[in-house]
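Subject: Structure for you to look at

Hello,

Please find the structure below. My notes on it follow.

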Amino acid sequence: MQRWTARLALLIATAAIVLLLAAAGIRSVALLLVGLAGLAVTAAAAWWALTHHGLLRALSSALASVVPLAVLVYYAALHLLWAALSALALAAVARVTGRAALGAEERPAGPPQQRTPPPKAPFLIMNPRSGGGKVGSFHLVERARALGAEVAVLDPAHPQDVAALARRAVAEGADLLGVAGGDGTQALVAGVAAQHDVPFMVIPAGTRNHFALDLGLDRTDPSRCLDALTDGVELRIDLGFVSDRVFVNNASFGVYAQVVQSDAYRDDKVGTILQQLPELLTHRSGPLLTVHVGHVLLDAPQAVLVSNNPYQVDDAAGLGRRTQLDSGALGVLGVNVDNAAQAVDLLRGRHARGLTALTATDVVVDADAAEIPVGVDGEALVLPTPVTCRIAPGSLRVRVPSGRPGPPRANPPTDWRALGRLAFARRTAAAAR
């Protein structure tokens, strides 16, 4: 089936080329060149819009909107719009099919799991405001208590120290800690669980729940995660540290971390980003960063993301996913774009000169300021420089339901040569004999 899927991908890709050649002939070269030029101009105009204020931003935004329409009008004037759109659709289907063929056996195995007896005194912390009220809508408090868990429901009107709650629970005999809430709260309690070597349970009641995604949990129904209290297995995974603060997903530096520090960001996210981006992207404001990743130096990047295990960078669809949580390495993504040409080059993904992807066990972020803003699992902090990030391999025991869906399938890049080898492997082997 995998071989036939690869053949289908190649067949569809060939059909896209044949369709364009049959409809346009030699003009298909001009169609391709015009399309690529339009894409480059649109990307450059978008960069100018992000890095300027006032009239130039308005003109750049208009250009970024008009150029794609102009390309379509050009195709329509040649009576080839249908052919261009059809070929583009076929190419997209071929790419998806090719990824399916190459990724058929790419589902990550995940950390080794061990069946352990159910906890006797589980303690869960639940935030009723997380994720638009998922704790209430899924009746998590009632279900957890029915399964024998002690539940502490946070009071939105009176902020509480969730790490202190967790430490007190362990001191009073809790043999499992869990959180129904966002990733920031998950990280705080996970640090306490790791410190005391008690299992930790994730209940994805936040908005994005990236940690739960990579653990293979059911994010559509957080109540299913409570099954781990009676029928669960344990995983050993890594934790990231930025200074003394734990992170389960990532710590961000630079543009994003700077923007979210603003009080205005809470009420007007888009407006605040548009107001601050020009100065931040062109280094006219904000601290200049220097990042040491092993023997590699990243000088003055606009943005740096240090993650607990590396994120996928081969494909845009996988940028929010990690195929491992127990590799023992931090992932580092650095972005350094100084002009429109480099912004256009980012379209090449991992091969772009402005994007650096590395792994390390320790990362040091310094700056020309005594303190820098840092986003830690979505929480805005300010930390003294230099800021040290490190990985703690296998430091967290996570208890998950034995029947969880599992981590998402990996997204391999579409490698047409690899598809060719896969599609015709049998024929090649026969010819060799």
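Of the 433 residues of the chain, 46% count as buried. Please keep in mind that this is a predicted model. The chain has 14 helices and 17 strands. Its accessible surface comes to about 21100 Å². Carbon and sulfur atoms account for 59% of that surface.

Now the nonpolar cores. In soluble globular proteins, nonpolar side chains tend to be buried together. Here, the largest nonpolar core has 38 residues. Those with the most contacts inside this core are Leu-177, Val-189, Phe-200, Phe-211, Leu-215, Ile-237 and Leu-396. Several elements each supply at least two of the core residues. The helices are H7 (162-171), H8 (183-196) and H9 (210-215). The strands are E2 (122-126), E4 (176-181), E5 (200-204), E6 (232-242) and E17 (387-401). Helix H7 gives the largest share, six residues.

Leu-215 is worth a click. Leaving out residues up to four places away in sequence, Leu-215 touches Val-202, Leu-235, Ile-237, Leu-325, Val-398 and Arg-404. There is also a second, separate core of 23 residues. Phe-247, Leu-298, Ala-360 and Val-365 are among its members.

Asp-214 is found in helix H9. Is Asp-214 buried or exposed? Its relative accessibility is 7%. The cut-off for buried is under 20%, so Asp-214 counts as buried. The side chain of Asp-214 makes a polar contact with the side chain of Arg-322, at 2.8 Å.

Asn-249 is in the loop between strand E7 (245-247) and strand E8 (250-254). Asn-249 counts as buried because its relative accessibility is 3%. What does the side chain of Asn-249 make a polar contact with? The partner is the side chain of Asp-183, at 2.8 Å. A polar atom of the Asn-249 side chain also lies 3.5 Å from the backbone nitrogen of Phe-211. Phe-211 is one of the residues with the most contacts inside the largest core.

Not counting residues up to four places away in sequence, Asn-249 touches Asp-183, His-210, Phe-211, Val-306, Ser-307, Asn-308, Tyr-311, Arg-322 and Asp-377.

Best wishes

Terms used: Residues are numbered from 1 along each chain as its sequence is written. This is a predicted model: local features need pLDDT of at least 70, side-chain atom pairs count only at pLDDT 80 or more; totals for chains, interfaces and linings use all residues. Side-chain values use heavy atoms; hydrogens and water are left out. A nonpolar core is a set of buried Ala, Val, Leu, Ile, Met, Phe, Trp, Tyr and Cys residues joined through side-chain atoms within 4.5 Å. Buried means under 20% relative accessible area, exposed over 50%, partly exposed in between (1.4 Å probe, protein chains only). Helices (H or I, at least four residues) and strands (E, at least two) are DSSP runs, numbered from the N terminus. Contact means heavy atoms within 4.5 Å. A polar contact is a pair of N or O atoms within 3.5 Å; within protein, one must be able to donate a hydrogen and the other to accept it, and residues adjacent in sequence count only if both atoms are side-chain atoms. Accessible areas come from the Shrake-Rupley method with a 1.4 Å probe; for residues, only the protein chains shown count as cover.
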